[in-house]
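Reader: Could you walk me through this one as a tutorial? I would like to learn how to read its features one at a time.

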Amino acid sequence: MPLNDPDPTDPNMLVGVMLPADADATRDMAYVFAEEFARLGYSREQLLWLFKNPYYGGAHGAYRSLGEQETLSIIDECLNVWGGMKVRVQDVNNDRTT
């Protein structure tokens with residue numbers, strides 16, 4: 001079977017489905033996106049841009065459903081909890097032969 005001609009009987013075929021969600025589920029999803037990117041060090045402006053960008057389908061869908069004010073409220077809350085966290089990676093010499 002050629003790579004670009006998938007077998008319709010293949011049980012491992014990737015299939016996308018739409019699931020019904022209410023306003024609470026949409027709000028929870030927005031919190032997850034905002035928290036994840038706040039923990040990565042995104043600023044308020046960067047987070048809002050992410051929600052406004054149609055390329056990020058889940059975040060953008062939440063933005064369209066909740067509106068800008070509710071989205072900014074979620075972003076601010078997540079930044080208050082996670083925004084001050086700074087991650088620093090430091091190499092340590094563990095050479096115990098000396």
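Reading exposure, pairs and packing

Author: Buried means under 20% relative accessible area, exposed means over 50%, and partly exposed is in between, with a 1.4 Å probe and protein chains only. The model is predicted, so to speak of a local feature we need pLDDT of at least 70, and of side-chain atom pairs pLDDT 80 or more, while totals for chains, interfaces and linings use all residues. Residues are numbered from 1 along each chain as its sequence is written, and side-chain values use heavy atoms, with hydrogens and water left out.

Reader: Which residue does Lys52 form a salt bridge with?

Author: The general idea comes first: side chains of opposite charge can pair when their charged atoms come close. Here the rule is a side-chain nitrogen of Lys or Arg within 4 Å of a carboxyl oxygen of Asp or Glu. Lys52 pairs with Glu68, and their closest N and O atoms are 3.7 Å apart. Because Lys52 is in helix 2 and Glu68 in helix 4, this bridge ties together parts 16 residues apart in sequence. Helices are DSSP runs (H or I, at least four residues; strands are E, at least two), numbered from the N terminus. Glu68 has a relative accessible area of 31%, so Glu68 is partly exposed.

Reader: How many salt bridges does a search of the whole structure find?

Author: The search finds five. One of them joins Asp76 to Arg44, at 2.6 Å from N to O. Since Asp76 belongs to helix 4 and Arg44 to helix 2, this pair ties together parts of the chain 32 residues apart in sequence. Asp76 is partly exposed, at a relative accessible area of 27%, and Arg44 is partly exposed too, at 35%.

Reader: Where do Glu70 and Arg27 lie in the chain?

Author: First the bridge itself: Glu70 and Arg27 form a salt bridge whose closest N and O atoms are 3.1 Å apart. Glu70 sits in helix 4 and Arg27 in helix 1, so the pair links distant parts of the chain, 43 residues apart. Both ends are partly exposed, Glu70 at 28% relative accessibility and Arg27 with a relative accessible area of 27%. Asp24 also joins in, giving a network of salt bridges that links Asp24, Arg27 and Glu70.

Reader: Now for the packing. How many residues does the largest nonpolar core have?

Author: In soluble globular proteins, nonpolar side chains tend to be buried together. A nonpolar core is a set of buried Ala, Val, Leu, Ile, Met, Phe, Trp, Tyr and Cys residues joined through side-chain atoms within 4.5 Å. The largest one here has 17 residues, and those with the most contacts inside it are Ala30, Ala34, Leu47, Phe51, Ile74 and Ile75. At least two residues of this core come from each of helix 1 (23–39), helix 2 (44–52), helix 3 (57–66) and helix 4 (68–82). Helix 4 supplies the largest share, five residues.

Reader: Is Ala30 buried or exposed?

Author: Ala30, in helix 1, is buried, with a relative accessibility of 1%. Apart from neighbours within four places in sequence, Ala30 is in contact (heavy atoms within 4.5 Å) with Phe51, Ala62, Leu66 and Ile74. Phe51 is in contact with Ala30 in turn, and also with Phe33, Ala34, Ala59, His60, Tyr63, Thr71 and Ile75, again leaving aside neighbours within four places.

Reader: What does the side chain of His60 reach?

Author: The side chain of His60 reaches the backbone oxygen of Phe51 at 3.1 Å. His60 is in helix 3 and counts as buried at 15% relative accessibility. Not counting residues up to four places away in sequence, His60 touches Phe51, Lys52, Asn53 and Pro54, which brings us back to Lys52, where we started.

Reader: Finally, which residues form a nonpolar patch on the surface?

Author: Patches are made of residues with over 30% relative accessible area and no salt bridge, where like charges are joined within 9 Å and nonpolar side chains (Val, Leu, Ile, Met, Phe, Trp, Tyr) within 5 Å. Val15, Val17 and Leu19 form such a nonpolar patch, with about 350 Å² of accessible area together (Shrake-Rupley method, 1.4 Å probe; for residues, only the protein chains shown count as cover). Val15 belongs to the segment before helix 1 and is exposed, at 60% relative accessibility. As for Val17, its C-alpha atom is 20 Å from that of Ala30, 13 residues apart along the chain.

Note on methods
A polar contact is a pair of N or O atoms within 3.5 Å; within protein, one must be able to donate a hydrogen and the other to accept it, and residues adjacent in sequence count only if both atoms are side-chain atoms.
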